[in-house]
Every structure is written in structure tokens, then in C-alpha cells.
Amino acid sequence: MPPVAVDERGTTLYKLLYNVRTQPIEFLGDSLDALQRFPRSARRNAGFELDKVQRGLDPDDWKPMKTVGAGVNEIRVRDAAGAFRVIYVARLADAIFVLHCFKKKSQRTPAGDIEVARGRYRQLIWRYR
């Protein structure tokens, strides 16, 4: 991949040169704050994975989250500081919606985290009806 440069408007020249269309990301609830609390390396990895999703690609490590809703996926970030998750949906309207971000502390995804994502998904579906 060629080096990425930024013009005076903040648009990456890579996107201009290669005509890469990206979808905007909308963070629901406190998901942006939660993502910003990740350790730097985990936050950076999550950002790279979300960038892939914006460009229409699959993240390196992900799985569908059918328990949350149709079209909902989970990005799995493993880091020296632990396991981190970003739950998102990319099949609605013209944006990627990040429903929930959290640090995973056990093998199973806690029911509380699933419920947070499920509630935000329901609100999102209601908004786009």
C-alpha cells in the first residue's frame, strides 16, 4: 500500500488517488468513550479494523453476533492488556454504527454487554423504520 499523505482538507491522498469510498462511523451511547478508554495499542488495532469495515472489507478477527441482532458483528482485538470487543452493524443506511465497546474479562461475553448492544440495536432499528 502506498504511503498515506493528508491534504489541506484532511482528506487522505490514498483515498483520492485510489477512489476508495468509505462509510462514516456513528458511535452510539458511550461507545466512543469506551473505545477511547482502551489501551493505546488496542485502540489503534480497533481503529484499523473499523477502517477496514469502512472500506467494505472484513476485519481480521470477527464473528457475527446474532444474539444482538441481524447483521451485527463483533471485532475481536487481542492485546497484551487483554481482550477487547467492538460490536457494530454495517448493514443499515449509509453508515457503520458502533453499538458497544468493552474489555472482555471472561471466556463468555457478559450478558450485560450483550443487553447494552441489543438495546442500542433496537433503538437504531426503530430510528430507521
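Predicted model: local features only at pLDDT ≥ 70, side-chain atom pairs only at ≥ 80, totals over all residues.
Strand β3 (72-79) and strand β4 (residues 82-89) pair in the antiparallel sense over eight bridges, and the two form a hairpin with two residues between them. Within this pairing, N73 stands opposite Y88 in β4.

F84 stands opposite K103 in β5. The hairpin formed by β4 and β5 has six residues between the strands, and A93 in the turn has a positive phi of about 50°.

Since R85 lies in strand β4 and E74 in strand β3, the pair ties together parts that are 11 residues apart in sequence. R85 has a relative accessibility of 5% and therefore counts as buried, the cut-off being under 20%. E74, at 0% relative accessibility, likewise counts as buried.

A salt bridge also joins the side chains of D61 and R78, with an N to O distance of 2.2 Å. This pair links distant parts of the chain, with D61 in the loop between α3 (40-54) and β2 and R78 in strand β3, 17 residues apart. R78 has a relative accessible area of 55% and is therefore exposed, because the cut-off for that class is over 50%. D61 and R78 belong, together with R76, to a network of salt bridges.

The side chains of D30 and R120 meet in a salt bridge with an N to O distance of 2.8 Å. Here too the pair links distant parts of the chain: D30 sits in the loop between β1 (25-27) and α2 (31-36), while R120 belongs to helix α4 (residues 111-127), and the two are 90 residues apart.

The two partners fall into separate accessibility classes, for D30, with a relative accessibility of 34%, counts as partly exposed, whereas R120, with 14%, counts as buried.

## The largest pocket

The largest pocket holds about 250 Å³ of space, and its lining is made up of 17 residues. Those that lie nearest the centre of the pocket are W62, G71, N73, Y88 and R91.

Strands β2 (62-64) and β3 each supply at least two residues of the lining. By residue class, the lining divides into nine nonpolar, five polar and three charged residues.

Conventions. Residues numbered from 1 in each chain as written. Heavy atoms only, no water. 1 Å grid on protein atoms, 1.4 Å probe; cavity = no way out; pocket = protein on both sides within 12 Å on 5 of 7 lines; lining within 4 Å. Points joined across faces, edges and corners; volume = space filled by probe spheres on them. Helix = DSSP H or I, 4+ residues; strand = E, 2+ residues; numbered from the N terminus. Nonpolar A, V, L, I, M, F, W, Y, C, P; charged D, E, K, R; others polar. Salt bridge = Lys/Arg side-chain N within 4 Å of Asp/Glu carboxyl O. Buried < 20%, exposed > 50% of the residue type's maximum accessible area, 1.4 Å probe, protein only. Pairing = 2+ DSSP bridges.
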